[in-house]
Amino acid sequence: MDPVVRIKNYSYAYPDTTKFAIRNINLDIEPGQCHCVSGPTGSGKTTLGLAIKGLLPPGNEEGRITGVCATDDGGTDIGIVLQNPEIQILASSIGAEIAFGLENLCVDPATMPTKVREALDAVGLDRPMEYETASLSMGQKYRLILASHLVMNPRLLILDEPAGQMDPDGLKKLLKVIQALKNTGMSFLLFEHNPEFLTEIIDAYWHLDSEGYFRAGCLKMSDYDPSMSGSPGRGKPGATDRKVVSARKLTVSGADGSPIFSDLFLKVAKGQRVTVYGPNGAGKTTLLRCLAGFVQASAGDVMIFGKKPIPGNLRGRVGCLFQNPQQQLFENTVYDEVAFPLKRFGKKGTAMASKVDETLNMCEIGDLAGFSPHKLSYGQKHLVALASVLAADPELLLLDDPFAGLDQSRCELILNLLSRLNQDKDLTVIWACHHPQMFSGWADLEFFMERGKIVAHSS
Amino acid sequence: MRIRLRQLFGFLRRFKDWPGTEHRRAGSIAVGAKLLGLMALSFLAFGSRTTTGLLWLTVINLALLLVFRYGFIFLRREIKVFLWQTAIIVSLYMLRFGWIDGFKQGAMISWQLSLAYMPGVIFIKTTPQPRIVETFSAVAPYRAAFVMATCFKFIPLILTEIRNIYEGQVFRGAKILRRDLLNPCNWPDLVFCLALPVIIRSMNLAGEITLAAKARNFGFKKKRTCWPGI
């Protein structure tokens, strides 16, 4: 059987660079197969996907990608679903979104509704075509994007980090859809650095290393041992005496008056590690924003350090990292970025310099001090953002899934770092994320949120 | 009279969600006419110098919200912006022209600005995106039409990104809270800690949206068809 795609000795370097981003790739994908390429953040996985789809800017290319069936409009019958569904949704209604590809292929408008309905059925999205895309959950948005590629009848679908944005329930539904499509002969290429969530559909594993070299891989389960991160913070004498966060019957409502979460009780003592799990849209981000004082409670009480949260009064005591923390970088060098909060909190001269050096070394980015933060890799930017928050020695750290999409080794580095700070400096951490497996056993207190309620907790 | 009014409202509502596949050209003309009408209202707001004129325009804008069945409650964000804008403009005018004159002039200017802005909001919120693209495509290259229509769609996403950056920077020590900004010495923080990252993020976002559109073969053909709507 002819492969859908044959990649032979393919290497690529971006324009104006001499270093190859990916090197000597050899890969055949047969109809109905699902291949998975794993590798650390920044190893060139997305670049490979864009190369197969033909979306890379003209650069230094070697080798060949063949078997790709070119369509008469200059496109290819390959679909590529990129990482963030939010950015890929271009229309305001489901029907218009799925039809976007058909519009580009100049399909007769009269035939569009039937094709759109078929694509919606294929991904199990049972919503009317005029349904607003903004009202979908993250998992539903991902399946919508999938449908918007399926409607163009691709032979190969490339999915870039499908597990990165989705909660376990969304992922389960996606796996079912992929399995059904595989049975119809459609091929898949997944780029995923945590493939353990997707094992049941994968036929072959590959690995791209940090230098862009490609080789046959295998499923590598996470070997992270939470017990290596020290004993939980509550084990320390006196740790539970001082309340850092307390919330009683806390309710926050959205703009339309309906509750985002309601009647929530929460008590966090100094030095505790807390994780808040829950599917996308459960209210985790709003909870953290409420604790930080940026969202007002519509009922109930919340106290941080024994007082009502007011952002201006919490500066210096609370550190906050939201999703995509690299967005907050603005200085010219990594050193200045980390020094910024220290200057603002009144540190000067050698005291400031030594604190910056200490923080950079603690985050293992001491060698990047003179570099521009904007030119660093995705993973390095995350570490700089974290260092710039930790430099101020916050007592409470609020994390809203800031490290989603980072590879296992960087996640482990961050977990170990936070564990050390928790042990040595009594740092209290409240971490919201949507994959309970990621940090299982790390926290002293685990909450599970669903539809605006805490449905379970363990300690 | 009542029947005529009902007919007129029915005709205007057709502009809201034009469904027809057989009347597509007429649909584009209707959206185009709606756009021109609302633009004229916007220009009139700049031209009106009297309270009576502005009152009339306010009544017309409110009537249009009613006609297009767009709930006033969905304009909370716009109302908030209007109140902030009024507070800032009136304060500055009062500083420059004194309490009474400053208040009068500032309030008029703020009212005018809001009435100039309102028709645009009504158009965006009551016209389906495919219809906007289709209408713009009739007078501009479809790439330009797509950019115009897509820009509006991503405004909420950009606002969320701005909020995230803002809140993160506050805890890093940036003096950008409302009370901090009363002191002009803190204004550079607003530029460097918020505006600069937002500009960088917006440029990245534009690149990512382009890539997402190209991934679905946008721009490969010289023409494109349009989703008929349901």
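Visitor: Which residues in α6(B) are buried?

Guide: In this predicted model, the buried residues of α6(B) are Q129(B), P130(B), R131(B), I132(B), V133(B), E134(B), T135(B), F136(B) and S137(B).

Visitor: What makes α6(B) mostly covered?

Guide: A residue is buried if 20 or more other C-beta atoms lie within 10 Å of its own. In α6(B), 9 of the 11 residues are buried, so the helix is mostly covered. For chain B as a whole, 28% of its 230 residues count as buried.

Visitor: Where does E211(A) lie?

Guide: E211(A) is in the loop of chain A between β8 (204-208) and β9 (214-216).

Visitor: How many residues of chain B are in contact with chain A?

Guide: Contact requires C-beta atoms within 7 Å. On that basis 45 residues of chain B are in contact with 59 residues of chain A. On the chain B side, α6 (129-139), α7 (142-153), α8 (155-171) and α9 (187-214) give two or more residues each. α9(B) gives the most, with 12 residues. By class, the chain B side divides into 23 nonpolar, 9 polar and 13 charged residues.

Visitor: What is the secondary structure of chain B?

Guide: Chain B has 9 helices and 0 strands.

Technical notes: Residues are numbered from 1 along each chain as its sequence is written. Chains are lettered from A and ligands numbered from 1 in the order in which they are written. This is a predicted model: local features need pLDDT of at least 70, side-chain atom pairs count only at pLDDT 80 or more; totals for chains, interfaces and linings use all residues. Helices (H or I, at least four residues) and strands (E, at least two) are DSSP runs, numbered from the N terminus. Two residues are in contact if their C-beta atoms, placed from the backbone, lie within 7 Å. Ala, Val, Leu, Ile, Met, Phe, Trp, Tyr, Cys and Pro count as nonpolar, Asp, Glu, Lys and Arg as charged, and the others, Gly among them, as polar. A residue is buried if 20 or more other C-beta atoms lie within 10 Å of its own, exposed if 12 or fewer, and partly exposed in between; C-beta atoms are placed from the backbone.
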